[in-house]
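Please study the model shown here before reading the solutions.

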Amino acid sequence: MNGPDGFRSAFRRWRADRPFWGGLLLALGGAWILLTMKASLKVILHVGMQGLAGYLLPALMVLLGLLTLFNPAQRLFYSITGILVTLGTWLTSNLGGFFVGLLLGAVGSCLAFGWLPDQEPRRGRRQRRKEAAAAAP
Amino acid sequence: MASSPDVTPSAGNTPENPESGSVPEASENPVGTARRGRVRARRAAVMAVPATLVAGALAVLTAEGALGVQFAISGMPFTVTATELNGTGFEQFGGLDNMAPGSPNEGDTGGQVLIVTSAIKNATLTKLCQSVDLGGTNLLITAGGGAEKVSATDLTTDSTELSGDAAFNNIEIGNDASTLTKAGVKGPIGVFSQQADTVRIANLRQTNYATTAGVFKLPGLKLRFSSTGC
């Protein structure tokens, strides 16, 4: 288990029991939105509560993405909250970080929502059909 | 090895998976053929379909001007053009904007840009075009091309370049920036400023470093990527 191979297989196993891409994309989406809108705090305070929401929502996206990675058991709650917050950024934060962050966040949330642990290894449709045909007679 | 501390916490996390129950960890199996979590397309679609519908509805409502969106951009230069701007409650003063230390946009400016801050309480813009340079490609936002105009409240922009044919009503020139009253923003003390009740700028063109708007209504919104800016 030493050397780069050991690290890689360990990482793959770590990745295998959590919605890795879902959480990662959600966090990246939030980070991107935060990157597009670093208005000065003084202006934010002038705009008021709404301006604060513009920061709060993408920050929540990053948080939810990381939580999905490190506490995958609660992924349903995280992904549902994640998609709502992601859609909210369209209104509050530069059209969802000029759409890019919104897209990342939405795809991430959906992947996290659709993820299930402990699945059979992936098989092609043709292979499945062949097996079904072999089992039929 | 550096890998080992990375493994242990994850193994501790695994039993939390609600569905997996008593099935032992896949660690005994060779990687690749192991039973592992993955995304079920149909399950993901349960969320993806309504989410797409909601996102589409948001975009349509925004494009109809029924829904206001909020903007807060700073640190990257972007261009705004409009054939006409009408505003009430106008303020303008000079200032110095600092970039974040080590910003890639710094160039030979030493991290500081001389800027003109304009604040408008209520503004309507005709044929707004806004382009942001995303490194190689430009994101182009156009709105207000039809009968309905773009409207913005609490619009504050930090510009490096501002051109157009302006007409002011009831203008006061030479105030101290800290005594401005028309748009609710106060500048630094001892800085030249001007304010007016109404403003009308034709063929507006601004290069901005920062913009914030409380509510932006963008009827006829179009969002696209383009190789050229506005």
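Two exercises with worked solutions follow.

Residues are numbered from 1 along each chain as its sequence is written, and chains are lettered from A in the order in which they are written. This is a predicted model, in which local features need pLDDT of at least 70, side-chain atom pairs count only at pLDDT 80 or more, and totals for chains, interfaces and linings use all residues.

**Exercise 1.** Determine how α7(A) packs against helix α2 (residues 41–63) of chain B.

Solution. Step 1: the two helices pack at an angle of about 150°, with their axes 7 Å apart. Step 2: α7(A) and α2(B) are therefore roughly antiparallel (angles over 145 degrees, between N-to-C directions). Step 3: α7(A) passes α2(B) in a right-handed crossing. Step 4: residues in contact (C-beta atoms, placed from the backbone, within 7 Å) include Ala106(A) and Phe113(A) in α7(A), and Arg43(B) and Met47(B) in α2(B). Step 5: the contact of α7(A) with α2(B) comprises ten nonpolar, two polar and one charged residue (Ala, Val, Leu, Ile, Met, Phe, Trp, Tyr, Cys and Pro are nonpolar, Asp, Glu, Lys and Arg charged, the others, Gly among them, polar).

**Exercise 2.** Describe the crossing of α2(A) and α7(A).

Solution. Step 1: the axes of helix α2 (residues 20–36) of chain A and α7(A) come within 7 Å and cross at roughly 160°. Step 2: this makes α2(A) roughly antiparallel to α7(A). Step 3: the crossing of α2(A) and α7(A) is left-handed. Step 4: the contact of α2(A) with α7(A) has twelve nonpolar, eight polar and no charged residues.

Key
Axes are lines fitted to C-alpha atoms, for helices over the stretch in contact, and angles run from 0 to 180 degrees between N-to-C directions. Helices (H or I, at least four residues) and strands (E, at least two) are DSSP runs, numbered from the N terminus. Angles under 35 degrees count as roughly parallel, over 145 as roughly antiparallel, 65 to 115 as roughly perpendicular and the rest as oblique. A crossing is left-handed if the near helix is turned anticlockwise from the far one by less than a right angle, and right-handed if clockwise. Two residues are in contact if their C-beta atoms, placed from the backbone, lie within 7 Å.
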